[in-house]
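Here is a friendly walk through one protein model. Have a look at the picture first, then read on.

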Amino acid sequence: MDILNLIHLANGTIQEDYSSRQLRRERVMRDRNNPMEIYSEDEFRIRYRFSKSGFVRILNRIGDEIKHLDGRGLPLTTEQQLLTALRFYATGSYQRVAGDLIGVHVSTVCRYLSNYALVHLKNAEIVFPTESELPSVKYDFSVLSKDNFPGIIGAIDCTHIPIQCPDSSRAQVFYNRKSYYSINCQVICDGKMKIRNIVARWPGSTHDSRIFSNSSIKEKLHQGYCNGYLVGDSGYPCLPYLMTPFLHPQNHGERRYNKAHSRARNIVERLFGVWKRRFPCIGSCLRTKLDNTLNIIIATAILHNWAIDFKEEEFLIEHSNEEREEESSTVNEQSSSGSALRRSIVLQHFT
């Protein structure tokens, strides 16, 4: 065979191989480096919001729930799945960007962000104080008030989680009074900033008091679930299980009450700042599907509680962009029994 025939044969083989490659897309083996090895402790914490030991503890809790059992294809390891989710929570960037960082498709990232293994732990990890915990919870709040405000079992407030407009047919109900689309998320926390109850399903236009009125925790407290009361702002009604401030304090006792009430309730405001700084995805605009968005909020709430349990450092910034939650301009009617209890507290402890 002469040289020309060899060249033609080679060209034909190359063209045939090129055509087959166009028809059959080859799988690409991506290099997935281990962040636990390539980053220092501080570098890892900044990128994933937990120390390496904290990450391992989370992995031990949910690793069995998120691992692939069939081993088909090139699945991510449990470590890579969790790192992908934490990286998104820590940045709030686009899902495609989170996927590019670890070398996976955007649809893969979407599956891991919902993190059903975490969401399924909600009832186990976000728990209202039990009878045995109540004395220590009340003590923590009495210290926070700096005036021995008695009987507080939690601080309640709502915060807006910015989202993209779900769809044009429901746009208006998600448009809040601050002029952006959001989920209005109700949180009750204890004196250590741990989330003890969360409701994350109401659109941004919903008033705080309506969310509370339709919550299961309100029904439990109304039925005498535990001895004590929450503290909330003036957007809530004053009830036997929910103390609010005096709008127009008339004497020294009422002014002392208001100051102590404000100091005790401030813990939930601080919680919102710490929570959103640790997981900026809920402080910026979540661009995920609505169902995934609700799951992400719950997942970050559970991770926040674990960060407190693990004694992880807070993420403090010199000039915070965190906007203090404004009290609602709408004042709810006060129940006679709630107002009577509030006057009794003033007479016994602040006069």
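## Ground rules

Let's start with a term: a residue is buried under 20% relative accessible area, exposed over 50%, and partly exposed in between, using a 1.4 Å probe and protein chains only. The model is predicted, so local features need pLDDT of at least 70 and side-chain atom pairs count only at pLDDT 80 or more, while totals for chains, interfaces and linings use all residues. Residues are numbered from 1 along each chain as its sequence is written, and side-chain values use heavy atoms, with hydrogens and water left out.

## The whole chain

The protein chain has 16 helices and five strands. Those are DSSP runs numbered from the N terminus: helices are H or I with at least four residues, strands are E with at least two. Of its 351 residues, 48% count as buried.

The accessible surface comes to about 18600 Å², and carbon and sulfur atoms own 50% of that. Such areas come from the Shrake-Rupley method with a 1.4 Å probe, and for residues only the protein chains shown count as cover. As for contacts (heavy atoms within 4.5 Å), look at those with a separation of 6 or more: 70% of them are between residues 24 or more positions apart.

## Salt bridges

Side chains of opposite charge can pair when their charged atoms come close. How many salt bridges does the structure hold? There are eleven, each being a side-chain nitrogen of Lys or Arg within 4 Å of a carboxyl oxygen of Asp or Glu. One of them joins Arg-45 to Glu-313, with the closest N and O atoms 3.7 Å apart. That pair links distant parts of the chain, 268 residues apart: Arg-45 sits in helix 3 (residues 41-48), and Glu-313 in the loop between helix 15 (290-309) and helix 16 (336-349). Arg-45 counts as buried because its relative accessibility is 14%, whereas Glu-313 is exposed because its relative accessible area is 55%.

Asp-190 and Arg-196 also pair up, their closest N and O atoms 2.9 Å apart, and both residues are buried. Together with Glu-133 they are linked in a network of salt bridges. Then there's Lys-194 with Asp-309, where the closest N and O atoms are 2.9 Å apart. This pair spans 115 residues, from the loop between strand 2 (182-189) and strand 3 (195-203) to helix 15. Asp-309 counts as partly exposed because its relative accessibility is 30%.

## Around Ile-195

Ile-195 lies in strand 3. Is Ile-195 buried or exposed? It is buried, because its relative accessible area is 0%. Leaving aside neighbours within four places in sequence, the contacts of Ile-195 include Ile-126, Val-187, Leu-271, Trp-275 and His-304.

## Two positive phi values

Most residues other than glycine have a negative phi. Arg-49 has a positive one, near 70°, and lies in the loop between helix 3 and helix 4 (52-66). Arg-49 is buried, with a relative accessible area of 11%.

Lys-146 also has a positive phi, near 60°. You'll find Lys-146 in the loop between helix 10 (134-145) and strand 1 (152-162), exposed at a relative accessible area of 68%.
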